[in-house]
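Work through the exercises below with the model open. Try each task before reading its solution.

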Amino acid sequence: MSSRFTARTVLVTGATGALGEALARAFHAEGAHVVVAARDRVAGERLARDLGARANAVGLDVTSEEQWQAAVRHAEEVAGPVSVLVNNAANLQVGTVESVPVDAWRAVIDTNLTGSFLGIRAVVPSMVRAGAGSIVNISSIAGLHAAPGLVAYSASKWALRGLTRTAAAELARKSIRVNAVHPGIIDTPLAYDPATHQELVPVDGFAIPRQASTAEIAQYVLFVASEDAAFSTGSEFIADGGFALGPVA
């Protein structure tokens with residue numbers, strides 16, 4: 001078994017969601033002390049107990065600067081300075097430019113963009129104490145291509161690209177890498193319309209005609225977070241099943 005993260009403190013946001021749990025389990029399997037950060041503290045504690053040793057939970061609303069500061073303090077108290085932050089928490093609201101409610105728009109931007117900004121800012125001093133750090137922002141193919149019907153989500157993910165690159169440039173001399181992973185359609189609740197339970201984006205026409213599993217996307221994230229990707233910062237890693245190729249014959 002690989003142990004790329006032995007003695008590293010890894011904080012994962014949105015860690016009780018489908019992808020978040022897969023990330024927490026994957027980092028833990030490679031030796032990390034995982035801080036399970038989620039709005040649902042009870043669910044987070046349940047996951048931490050299931051992981052066992054080297055896992056702790058903390059309640060975190062990523063839109064709150066105060067809660068971010070408390071989460072990083074907690075991580076340092078239980079496991080030491082943070083070496084890896086995965087900004088995974090996400091909010092998706094269905095709606096077009098004409099139809100999406102302003103409150104829904106703001107909720108998506110607050111979670112997906114501002115939440116990641118606050119996390120990066122909160123964790124920098126801890127990573128400096130650790131001697132180096134790796135931040136991975138979970139973006140989306142909706143941050144690379146137009147996503148009609150998902151205007152708020154797509155706008156937040158496009159903006160996350162700018163945050164990723166700017167933070168990478170600003171933090172490079174502190175030995176902190178900042179990268180983004182752009183998954184394609186993952187088999188999670190976010191892939192389905194909550195009203196109709198239909199796929200938001202049908203995958204039959206993709207070069208790889210299926211949704212990704214959470215476990216395989218987690219492996220991309222582990223690579224980007226690890227020293228295996230030590231020469232990459234401000235970079236975008238795409239795992240989209242050939243979505244960018246368009247429909248194939």
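**Exercise 1: a residue in its helix**

N112 lies in helix α4 (residues 102-130). The model is predicted: local features need pLDDT of at least 70, side-chain atom pairs count only at pLDDT 80 or more, and totals for chains, interfaces and linings use all residues. Numbering starts from 1 along each chain as its sequence is written, and side-chain values use heavy atoms, without hydrogens and water.

Task: decide whether N112 is buried or exposed, and find the polar contact of its side chain.

Solution.
- Step 1. N112 has 1% relative accessibility, so N112 counts as buried (under 20% relative accessible area; exposed is over 50%, partly exposed in between, with a 1.4 Å probe and protein chains only).
- Step 2. The N112 side chain makes a polar contact with the side chain of S156, at 3.1 Å.

**Exercise 2: α1 against α6**

Task: describe how α1 and α6 pack, by angle and axis distance.

Solution.
- Step 1. Helix α1 (residues 18-29) and helix α6 (residues 214-225) pack at about 55 degrees, axes 9 Å apart.
- Step 2. α1 is therefore oblique to α6 (under 35 degrees is roughly parallel, over 145 roughly antiparallel, 65 to 115 roughly perpendicular, the rest oblique).
- Step 3. Contact residues (heavy atoms within 4.5 Å) include L19 and F27 of α1, and I217 and L222 of α6.
- Step 4. By class, the contact of α1 with α6 has 12 nonpolar, two polar and no charged residues.

**Exercise 3: α1 against α2**

Task: at what angle do the axes of α1 and α2 cross?

Solution.
- Step 1. The axes of α1 and helix α2 (residues 41-51) cross at roughly 30 degrees and come within 11 Å.
- Step 2. α1 is therefore roughly parallel to α2.

How values were computed: Axes fitted to C-alpha atoms, helices over the stretch in contact; angles between N-to-C directions. Helix = DSSP H or I, 4+ residues; strand = E, 2+ residues; numbered from the N terminus. Nonpolar A, V, L, I, M, F, W, Y, C, P; charged D, E, K, R; others polar. Polar contact = N/O pair within 3.5 Å; in protein donor to acceptor, adjacent residues only side chain to side chain.
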